[in-house]
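Biologist: Please put the model on screen. I would like to go through it by question and answer.

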Amino acid sequence: MNDLSVHFEGVSKIYPHFTLDDLSLELPTGTIMGLIGANGAGKSTTIRILMGLVHQDQGLVQVLGREMPREQAAAKLDIGFVSEDMRLYGPATLAWHMSFVQSIYPQWDQAYSEMLLRRFDLKPQQKIKGLSHGQRVKAALLLALARRPRLLVLDEPTTGLDPVARQEVLGELMAVLADEDRTILFSSHNTLDVEQISDQITFIDRGRIIASDNKEMFLERWRRLRLVLSPEGDLPSLPGVVEVGGSERLPVLVTNRFDPAMVSVCNDAGATVQAVDPMTLEEIFVANVHSRREKQTV
Amino acid sequence: MHSDLVISQTDGRPMYLQIMDQIRQRIAVGDWEQGKEIPSIRQLAVTLRVSVITVKRAYMELERDGIIVTQQGKGSIVAPDPELGSKLYDQELAKHIDRVAQLGELLGLTPKEVASRVREATDRLTTDRLTKDRLTKEYS
Amino acid sequence: MNYAMVKRLVLKDWYLQRWAILGSLAGIVATLGIIATGAKIAFLLGLILLIIVIISIGAHMAVATIVTERKEQTLPFVMSLPISYREYTASKIWGNLLIFLVPWVTMVVGSIGMLLWSPSSRGLVPYTAIMSAEILLSTCLILAVALITESQGWAVAAIMVGNIGVNGLGYAFAHIAGIEKGMWGPTIQWSGAASVVLLAEFITVGLLLGITFFVQGRKKDFL
């Protein structure tokens with residue numbers, strides 16, 4: 001029995017130049033969801049609504065069983081939040097921030113916080129304004145991780161980090177999941193990171209969720225087929241084709257409903273299958289967005 | 001009981017397959033003995049920094065193949081099966097034979113042609129072995 | 001309302017502004033030092049210095065604790081704590097007012113005390129009370145504008161309006177018949193006009209703070 005850490009239903013938010021439209025989302029406890037979207041697609045707005053920092057115009061938002069934004073104070077006791085546009089207090093030290101957060105949250109784990117200091121290579125006596133961007137991100141993450149929240153909400157947690165720091169952060173995020181009662185929602189441009197550690201993946205584009213499924217499903221169902229058409233052959237009609245590229249004799253199809261039986265279907269239709277390529281999450285996302293946008297302009 | 005599996009992001013194959021292959025290898029080589037406890041799905045996911053769902057898929061397929069056994073609430077162990085080593089090799093053979101059949105089809109060979117190619121390969125192997133034996137005898 | 005959180009937020013702001021706060025305390029001490037010299041002009045100088053301290057600490061704190069949360073982008077960090085707009089607004093109002101009240105109460109007690117002490121200038125007491133409340137009102141205006149608009153431009157405008165208002169209204173009040181009459185005399189003369197003005201000032205303070213809470217509660221985009 002898996003209860004939901006996050007539940008969005010029919011959530012809408014209207015801005016003068018942007019609308020979040022009828023968003024529905026379910027995040028089961030104990031899983032990681034990666035949110036992928038272009039800039040301005042609505043990732044940050046969705047996350048802010050989740051935190052109760054922005055009130056939705058319509059729809060139900062439940063986080064850890066609490067209604068947002070009404071019960072945000074209670075919910076935030078169990079949520080760790082780090083966003084890309086968040087800054088700590090420059091003139092104060094990391095140590096001050098740590099003791100400030102510790103005084104608020106009873107679940108603060110001192111030993112764990114010290115381990116994170118070592119792992120992230122941070123010096124507590126340093127003032128925040130003296131830290132590099134990567135160090136600041138790690139500092140903010142430390143403050144969120146050390147109090148062992150039930151839900152971690154991260155807006156671009158690895159953006160701007162060097163490769164070593166990225167691996168450390170990914171490692172710490174996965175370590176959170178060792179406890180099956182804890183959940184992570186993160187948004188990222190970095191599709192490699194999302195592909196590596198996410199259980200669930202949600203694509204968001206222009207204020208709408210365009211796909212949401214578990215990661216293995218995505219990777220199983222999307223394929224790029226390279227065909228060689230015989231002179232008399234026709235392009236076979238396959239299910240789920242979202243993109244047709246290449247040339248007339250050498251078409252390349254992208255399908256989101258791949259089935260191994262398709263290979264023989266193609267061959268029977270006179271289109272020799274040269275290759276069946278799996279696609280990276282990035283390629284899947286771009287193909288998804290393109291096909292949607294094309295449908296909209298048609 | 002620590003994990004020494006290594007997952008590569010540049011390896012073209014899906015991660016769950018890499019995990020399965022490496023576990024199979026460990027067992028076939030004898031690193032992981034039969035009946036031995038293996039990391040739980042979550043533990044392995046954390047160690048490898050790979051999503052739980054991927055490890056879960058690998059474990060499920062391995063269990064379906066009879067390589068490991070998952071006990072409800074108690075984690076997973078290597079299947080306590082004396083035939084395990086040969087079973088693994090048998091599975092490997094089946095995989096490769098499927099691949100041969102696929103490639104044959106892609107190349108447009110008839111089943112007979114595919115079979116004769118396989119025959120050529122086994123013949124070659126026998127010839128090589130006989131040659132090696134003779135040379136060994138000659139020089140010993 | 002989570003008072004424990006409000007207290008922590010107030011202490012946080014005081015810690016971050018500790019140098020400005022200590023500076024204002026030093027200013028008060030300097031003022032008292034000047035007045036203690038006993039010279040007649042010293043009292044006036046001391047009063048002026050005190051008023052400068054009050055107005056500057058009020059303006060500085062409002063901008064430094066409210067406007068900069070948005071400018072320095074620390075607002076998401078604060079709002080990620082287990083609070084709602086209520087605790088946030090309350091902490092800013094309390095944190096600012098308490099610091100402001102230290103020099104302000106010193107000034108009120110000191111000046112009215114001095115007036116009561118010297119027999120010839122007790123008539124100034126009502127006017128002094130009115131002007132002190134005026135300064136409190138101006139600071140509350142700055143607080144309200146800073147919290148509601150979170151904009152440096154508007155906060156600075158409020159500071160200017162506040163200062164001009166204090167001077168302008170100060171002049172106007174001094175010329176209201178009821179107040180003007182007994183101002184320069186040796187006895188305290190509470191006229192109806194003075195009472196009305198004083199009451200209006202305090203009601204306005206209450207309104208400003210109430211409106212601030214109300215507007216903050218209606219904000220749908222806290223970020």
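Modeller: A definition first: two strands pair if DSSP finds at least two bridges between them. Helices (H or I, at least four residues) and strands (E, at least two) are DSSP runs, numbered from the N terminus. This is a predicted model, in which local features need pLDDT of at least 70 and side-chain atom pairs count only at pLDDT 80 or more, while totals for chains, interfaces and linings use all residues. Residues are numbered from 1 along each chain as its sequence is written, and chains are lettered from A and ligands numbered from 1 in the order in which they are written.

Biologist: In S10(A), which residue is the bridge partner of A:Ile201?

Modeller: S9(A) and strand S10 (residues 208-214) of chain A run antiparallel and are joined by six bridges. In S10(A), A:Ile201 has as its bridge partner A:Asp213.

Biologist: Which residue in the hairpin of S9(A) and S10(A) takes a positive phi?

Modeller: The hairpin has two residues between the strands. A positive phi near 50° is taken there by A:Arg206.

Biologist: Which residue in S9(A) does A:Ile36 stand opposite?

Modeller: Strand S3 (residues 32-37) of chain A and S9(A) run parallel, with five bridges between them. A:Gly34 stands opposite A:Ile201 in S9(A). Opposite A:Ile36 is A:Phe203.

Biologist: Why is strand S9 of chain A largely enclosed by the rest of the structure?

Modeller: A residue is buried if 20 or more other C-beta atoms lie within 10 Å of its own, exposed if 12 or fewer, and partly exposed in between; C-beta atoms are placed from the backbone. S9 of chain A covers residues 200-205 and is largely enclosed because its buried residues number five of the six.

Biologist: In what order do the six strands of the open sheet in chain A stand?

Modeller: The pairing in this sheet is mixed. The order is S6-S7-S8-S3-S9-S10.

Biologist: Which strands stand at the edges?

Modeller: An edge strand here has a single partner strand, so one side of it is left without a neighbour in the sheet. The strands are S6 (79-83) and S10 of chain A.

Biologist: By what angle are neighbouring strands of this sheet turned against each other on average?

Modeller: Axes are lines fitted to C-alpha atoms, for helices over the stretch in contact, and angles run from 0 to 180 degrees between N-to-C directions. For this sheet the average ignores direction. The angle is 10°.

Biologist: Which helix packs on the sheet?

Modeller: Residues count as in contact if their C-beta atoms, placed from the backbone, lie within 7 Å. The helix touches S3, S6, strand S7 (151-155), strand S8 (183-187) and S9 of chain A. Its direction makes about 150° with that of S7(A). The helix is H1 (residues 43-50) of chain A.

Biologist: How far apart are the C-alpha centres of domain 1 of chain A and domain 2 of chain A?

Modeller: Domain bounds come from an automatic or database domain assignment. For chain A the assignment gives domain 1 (4-217) and domain 2 (223-278). The distance between their C-alpha centres is 40 Å.

Biologist: Of the 298 residues of chain A, what share count as buried?

Modeller: Chain A has 10 helices and 14 strands. Its C-alpha atoms fill a box of roughly 75 × 40 × 40 Å, taken along the principal axes. The buried share of the 298 residues is 42%.

Biologist: Which chains have the most contacts among the two pairs that touch?

Modeller: Chain B and chain C do not touch, and their nearest C-alpha atoms are 27 Å apart. The pair with the most contacts is chains A and C.

Biologist: What gives the most to the side of chain A that touches chain B?

Modeller: The contact takes 18 residues from chain A and 14 residues from chain B. Helices H6 (163-176), H7 (191-197) and H8 (215-221) of chain A each supply at least two residues of the chain A side. With four residues, the most comes from H6(A).

Biologist: Is B:Glu33 buried or exposed?

Modeller: B:Glu33 is found in the loop between helix H1 (15-29) and strand S1 (37-38) of chain B. B:Val78 is 45 residues away in sequence, yet 6.9 Å away in space, C-alpha to C-alpha. B:Glu33 has 12 C-beta neighbours inside 10 Å, so it counts as exposed.

Biologist: Where in chain C is confidence lowest?

Modeller: pLDDT is the predictor's confidence in each residue, from 0 to 100. Chain C averages 89. Confidence is highest in helix H1 (residues 3-16) of chain C, at 96. The lowest mean is 76, in helix H8 (residues 177-183) of chain C.
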